[in-house]
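I hope they are handy to have beside you as you look through it.

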Amino acid sequence: MPIADAMTEDARTVGVAPSMPPAAGIPQRLMSLDALRGFDMFWIIGADELVEALNHMVHGEGHTSGGILGFIANQLEHAEWEGFHFEDLIFPLFVFMAGISIVFSLGKTIRQEGRAAAVKRVVRRGILLFVIGLFYSGGLTNPWPDMRVMGVLNRIALCYFFAGLIFCFFNLRSMIAISVAALIGYWALLTFVPIRNIQLQKGPLQELATKRNVALDPKALFFSTTDRVTGHYEKGFNLADHIDFEYLPGRLYDKYFDPEGLLSTIPAVVTCLLGVFAGLFLLNASFNDQQKVVCLLAAGLALAALGWAWSAQFPVIKKIWTSSYVLAAGGYSAALLGLFYWIVDVCKWQKWCQPFVWMGMNSITIYLARNILGGTDKLSQRFAGGDVHEFFENHLGGSGDLVLAVVGLFLSFWFVHFLYRRKIFLRL
């Protein structure tokens with residue numbers, strides 16, 4: 001959903017799939033969804049810097065492997081290629097929550113205004129978010145082709161667009177069938193479709209150029225490679241990366257391919273559909289709150305287990321969004337949703353998460369402010385940079401970076417609280 005829906009739109013209104021009646025007894029707002037969205041944003045807007053600063057204080061510069069802080073700091077770095085760290089959950093969790101928002105927002109639109117209005121909304125918002133994604137990635141700062149076409153916001157836009165249309169036109173059973181077919185189909189494409197026997201990485205390309213006694217020209221080396229292989233998932237040596245290199249226009253994030261590329265958008269849409277399934281389940285009046293919590297936790301564990309079982313043949317890799325990664329990340333997302341739903345909406349323990357709610361209801365604002373306008377990182381330097389930073393760094397146990405991180409987080413939460421109190425919510 002435009003980030004307004006993918007990050008900010010909450011369950012203030014209740015909607016259901018066109019094939020289901022409205023659920024009874026569901027509150028008009030699920031605070032747990034806002035809190036979970038804000039919790040996810042929390043790690044983007046500076047919590048990782050806080051952990052890094054604490055780790056620096058305890059273990060010194062460059063040491064990230066010692067103790068619990070070292071473990072957490074390592075988890076806040078993306079897995080190099082195969083594998084899964086906590087950092088690898090943040091993006092798919094956003095996409096998962098976009099699917100939940102689809103159920104609440106589009107379901108209501110379909111009931112009140114009809115399917116055509118819902119489709120119009122999907123198209124309008126999908127295009128708008130995609131354009132914002134282009135602007136976020138630099139817009140017209142650089143001349144073509146030094147412009148990035150795909151990115152995080154662009155992927156969210158595409159996931160919302162396709163999952164939203166699927167939700168508008170298909171019932172639950174059909175959506176499940178589409179999801180299963182997409183995951184198996186993506187696995188089959190990457191496993192059985194022949195690709196050129198060349199790895200799009202600087203080292204291997206240089207070795208190949210030296211072996212052939214030619215200049216290092218990636219395009220020429222790629223298209224002159226005629227022998228084919230199958231079943232490869234290595235970095236720069238798989239069908240998704242090769243398709244990006246050959247067909248994706250503009251600047252690629254990883255130079256030769258893009259983590260938000262063309263083919264890997266297919267399984268990313270399934271991540272959004274998993275959120276749709278979770279949203280429909282939350283609206284199902286056949287289950288009470290306790291049963292919903294148990295089922296979300298159980299389904300999450302089952303999905304994650306299935307994903308890791310599949311990874312024995314099809315590795316968990318975020319940068320090409322493998323089918324096993326979809327299941328693992330979707331499982332963790334469902335379990336987190338169940339946990340937050342139980343704590344916040346069932347047990348009504350809500351005071352602790354209020355700051356996350358402020359952030360969850362204005363995620364787009366803080367996200368764009370931080371990444372386009374410089375946000376609280378630059379502002380925190382004005383309060384605690386320079387001599388202040390040096391004083392804490394040199395005289396109080398190397399805590400200069402920690403002070404900067406705390407000030408940045410404080411300013412972020414103050415900003416979203418200011419908007420929340422004045423009922424200012426940026427939506428697209």
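1. A word on terms to begin with: helices (H or I, at least four residues) and strands (E, at least two) are DSSP runs, numbered from the N terminus. This is a predicted model, in which local features need pLDDT of at least 70 and side-chain atom pairs count only at pLDDT 80 or more, while totals for chains, interfaces and linings use all residues. Residues are numbered from 1 along each chain as its sequence is written, and side-chain values use heavy atoms, with hydrogens and water left out.

2. For the overall picture, the protein chain has 18 helices and two strands. Of its 428 residues, 53% are buried (under 20% relative accessible area; exposed is over 50% and partly exposed in between, with a 1.4 Å probe and protein chains only). The chain exposes about 18900 Å², with 64% of that supplied by carbon and sulfur atoms; the areas come from the Shrake-Rupley method with a 1.4 Å probe, and for residues only the protein chains shown count as cover. Taking contacts (heavy atoms within 4.5 Å) with a separation of 6 or more, 75% are between residues 24 or more positions apart.

3. Do have a look at Lys 292, in helix α12 (residues 289–310). Lys 292 is buried but has no salt bridge, and Asp 289, the nearest side chain of opposite charge, is 4.7 Å away. A salt bridge here needs a side-chain nitrogen of Lys or Arg within 4 Å of a carboxyl oxygen of Asp or Glu; for charge, Lys and Arg count as positive and Asp and Glu as negative, with His and the chain ends not counted.

4. The whole structure holds seven salt bridges. One of them joins the side chains of Arg 37 and Asp 34 at 3.1 Å, N to O. Both residues are in helix α2 (residues 31–59), three residues apart, or about one turn of the helix, and both are buried.

5. Another pair is Lys 235 with Glu 80, at 3.6 Å, N to O. Lys 235 sits in the loop between β2 (228–229) and α10 (239–247), and Glu 80 in the loop between α3 (67–75) and α4, so this bridge ties together parts that are 155 residues apart in sequence. Lys 235 is partly exposed at 21% relative accessible area, whereas Glu 80 is exposed at 62%.

6. Glu 246 and Arg 196 also form a salt bridge, at 3.8 Å, N to O. Glu 246 belongs to helix α10 and Arg 196 to strand β1 (residues 195–196), so the pair ties together parts that are 50 residues apart in sequence. Glu 246 is partly exposed, with a relative accessible area of 28%, while Arg 196 is buried at 13%.

7. Thr 109, in helix α4 (residues 87–113), is buried at 6% relative accessible area. Leaving out residues up to four places away in sequence, Thr 109 touches Gly 114, Ala 117, Ala 118 and Arg 121. Leu 379, in helix α16 (residues 375–384), is partly exposed at 36%.
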